[in-house]
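Have the structure open as you read.

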Amino acid sequence: MQAEKSKSLPSKDTILEQLNWRYAVKKFDSTKKVSEEDWATLEESLILAPSSYGLQPYKFIVVTDQEMKEKLRPACFNQPQIVDSSHLVIFAAKKELGDEIVENYIQRLQEIRGTEREALEDYINMMKGTMQQLKENGLEISWSQRQAYIALGFLLETAAMLGIDACPMEGFEADKVDEILELNDYTASALCTIGYRSEDDWLAAAEKVRFTKDQLIERI
Ligand SMILES: Cc1cc2nc3c(=O)[nH]c(=O)nc-3n(C[C@H](O)[C@H](O)[C@H](O)COP(=O)(O)O)c2cc1C
């Protein structure tokens, strides 16, 4: 069973090869665009990202409109990837958490799984309790952001597996991006530009700078 299943999985060599191939692109080739088919797979990776309790306290804003990218660029310290990439994704984290986010999720869960509300009551109360605690401790945004970053990781990994380039970006002014995109209930937490590396991006060939396995992994 397992052997049969593994046939459709990427090999260990392919996974590591692609993760080594991936790097944070500094210069995209602005003439190359991600196909609709590939983009659909990348979007699916965002949707499939896990989140705590499954609450998905975020939204992904996908910008392909060149005028909007130009408008956003100054709010991103003028980084060229914003305008030269094919797609720009803004990971927008929900600013306030309360009963509403739990109820929305439960409604969706019931739609999909048809579970009776009665059977979910304890779970609902636990989630609402967690949301309340986050609020009391001023941790709503940081919790939502942590969830959004998991989706960023999914997008980066999926892009690498498809041979599509990306650059994760924290170099931007959130208040300005929020204002331009009229995010209101959400705040920009991370960005990711997606596209194809330019042939003259010198960083593409640079060695990866990572601490050693012994430094980063502790085995107990
Ligand atoms: C959350 C996050 C934010 C980052 N922000 C930027 C950014 O604003 N601009 C940029 O050019 N690179 C940015 N980077 C890229 C990192 O500098 C890069 O991932 C790191 O140096 C490791 O190199 P590699 O990804 O090429 O292996 C960011 C990376 C992460 C994970």
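A residue is taken as near a molecule or strand when its C-beta atom, placed from the backbone, lies within 6 Å of it. By that rule, the shell around the ligand consists of Tyr23, Ala24, Lys26, Gln79, Cys167, Pro168, Met169, Glu170, Gly171, Ala190 and Lys208. Please keep in mind that this is a predicted model: local features need pLDDT of at least 70, side-chain atom pairs count only at pLDDT 80 or more, and totals for chains, interfaces and linings use all residues. Residues are numbered from 1 along each chain as its sequence is written.

The shell divides into 6 nonpolar, 2 polar and 3 charged residues. Here Ala, Val, Leu, Ile, Met, Phe, Trp, Tyr, Cys and Pro count as nonpolar, Asp, Glu, Lys and Arg as charged, and the others, Gly among them, as polar. Strand β3 (residues 165–169) gives the largest share of this shell, 3 residues. Helices (H or I, at least four residues) and strands (E, at least two) are DSSP runs, numbered from the N terminus.

What is the sense of the pairing between β3 and β4? The two strands run antiparallel, joined over 5 bridges; a pair requires at least two DSSP bridges. Pro168, from the ligand shell, stands opposite Cys192 in β4. In β3, 4 of the 5 residues are buried, where buried means 20 or more other C-beta atoms within 10 Å of a residue's own, exposed means 12 or fewer, and partly exposed lies in between, with C-beta atoms placed from the backbone.

A nonpolar core is a set of buried Ala, Val, Leu, Ile, Met, Phe, Trp, Tyr and Cys residues joined through C-beta atoms within 7 Å. The largest one has 32 residues, and those touching the most other members are Val89, Ile90, Phe91, Ala92, Leu191, Cys192 and Ile194. At least two residues of this core come from each of β2 (87–94), α8 (140–162), β3 and β4. Apart from it lies another core of 6 residues, including Leu55 and Ile101.

| Residue | Phi |
|---|---|
| Gln56 | near 50 degrees |
| Asn78 | about 60 degrees |
| Gly114 | about 65 degrees |

Most residues other than glycine have a negative phi. Gln56 sits in the loop between α3 (36–47) and β1 (58–63) and is buried, because 20 other C-beta atoms lie within 10 Å. Asn78 belongs to the loop between α4 (66–72) and α5 (81–84); with 10 C-beta neighbours inside 10 Å, Asn78 is exposed.
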